[in-house]
Amino acid sequence: MSGHPEVGVAGLGVMGSAIVRRLLRRERTVRVYDVRQDAVAELARDGADPADSAAQLASSSVVILSLNTADIVEQVAFGPEGVLTATPEGVLVIDMSSIDPGRTRDFAERAAKLGAGWVDAPLSGGAPGAERGELTLMLGGEDDQVERALPVLDALSSRLTHLGPAGSGQLVKSVNQVLVGCGFAALAEAAALIRAAGLPPRRVQAALTGGRADSALLQEFFVKFAEVDLTPTGRVSNMVKDLEAARDYARSAGVPLPVTTAVSELHRWLAAAGHGDADNAALMHYYGTGTEVGTGTGPTGDRS
């Protein structure tokens, strides 16, 4: 392996696993932990070093967290077997989870008292972006800690921006999720229209390319939604969490978010209907796709 410092990674879901594989391909030494031993074993076969607890990751100078909620982040970082429990001095935690900005500021303050660093680095680009090293990262933290994080994050991203103190990255990630979540809802409605008309999704996408409706979301997700392709790229439950975090902050700041609220409730409906673990393309359930869901075909069976 190269002379880069060892990196620990806690949380080996779709996103965390993609981060680990990218780091391994860049010849980094990576130690991994997850409560799911099968996930640890799978990445060990790819060349990662398994850890028996989050505390064991503290032997790495840099530890990445890729977890679902602030409560889990707190447990993994500060719990009885947490990363910062036994030997926190000098450890830099890079939290790539998407959690509440206020909780993030609290975690950074607690880490500092233990002699550790904390950078919030929520991401956009999903697992495919991580695999390609093309994530967009929004960073919050002290200047020296962000500088220390860059050699690791540069291997994962094509664009990163240091926005301010701890919690700043999480706040901007909330803005990102407002735009993405509302964009997904708009794509789903457009896809429902073309499915009803029996139009070929790729030709419709081509017709919209270059116009004002064009976007990265249109290019990456329009055909996926129109064909009801449920290959996992992001979970409905995560979108619920992110949109509700944005709503919580907006309420505290006195900012109305009527469109975001409607889209959040749409995702909550899907989760309540048992689709929380499904891909975001499950939004098409709302438009009566019925038994066609997951077949990858439109009303006329066209896949063009």
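Let's start with the second largest pocket, which holds about 190 Å³ of space in this predicted model. Thirteen residues line this pocket, and the ones nearest its centre are Ser98, Ile99, Asp100, Lys241 and Ala245. Two helices, α7 (168-197) and α10 (236-253), are the elements that each give two or more residues to the lining. Of the elements, α10 gives the most, with four residues.

Two packed helices are described by the angle between their axes and the distance between the axes. Here, α10 packs with helix α11 (residues 258-275) at an angle of about 145 degrees, and the two axes are 9 Å apart. The way α10 passes α11 is a left-handed crossing.

Which residues do the meeting? On the α10 side, you can find Val236, Met239, Val240, Leu243, Glu244 and Arg247. On the α11 side, the residues they meet include Thr260, Val263, Glu265, His267, Leu270 and His275. Sorted by class, this contact has seven nonpolar, five polar and four charged residues.

Finally, zoom out to the protein chain, which has eleven helices and nine strands. Its radius of gyration is 20 Å, close to the 19 Å that the globule rule gives for 304 residues, so the chain is as compact as a globular protein of that length. If you follow the C-alpha trace along its principal axes, it spans about 60 × 50 × 35 Å.

Key: Residues are numbered from 1 along each chain as its sequence is written. This is a predicted model: local features need pLDDT of at least 70, side-chain atom pairs count only at pLDDT 80 or more; totals for chains, interfaces and linings use all residues. Side-chain values use heavy atoms; hydrogens and water are left out. On a 1 Å grid over the protein atoms alone, a cavity is a set of points where a 1.4 Å probe fits but cannot get out, and a pocket is an open set with protein on both sides within 12 Å along at least five of seven lines; lining residues have an atom within 4 Å of a point. Grid points are joined across faces, edges and corners, and a volume is the space filled by probe spheres set on the points. Axes are lines fitted to C-alpha atoms, for helices over the stretch in contact, and angles run from 0 to 180 degrees between N-to-C directions. A crossing is left-handed if the near helix is turned anticlockwise from the far one by less than a right angle, and right-handed if clockwise. Contact means heavy atoms within 4.5 Å. Ala, Val, Leu, Ile, Met, Phe, Trp, Tyr, Cys and Pro count as nonpolar, Asp, Glu, Lys and Arg as charged, and the others, Gly among them, as polar. The radius of gyration is taken over C-alpha atoms; the globule rule is 2.2 Å times the number of residues to the power 0.38.
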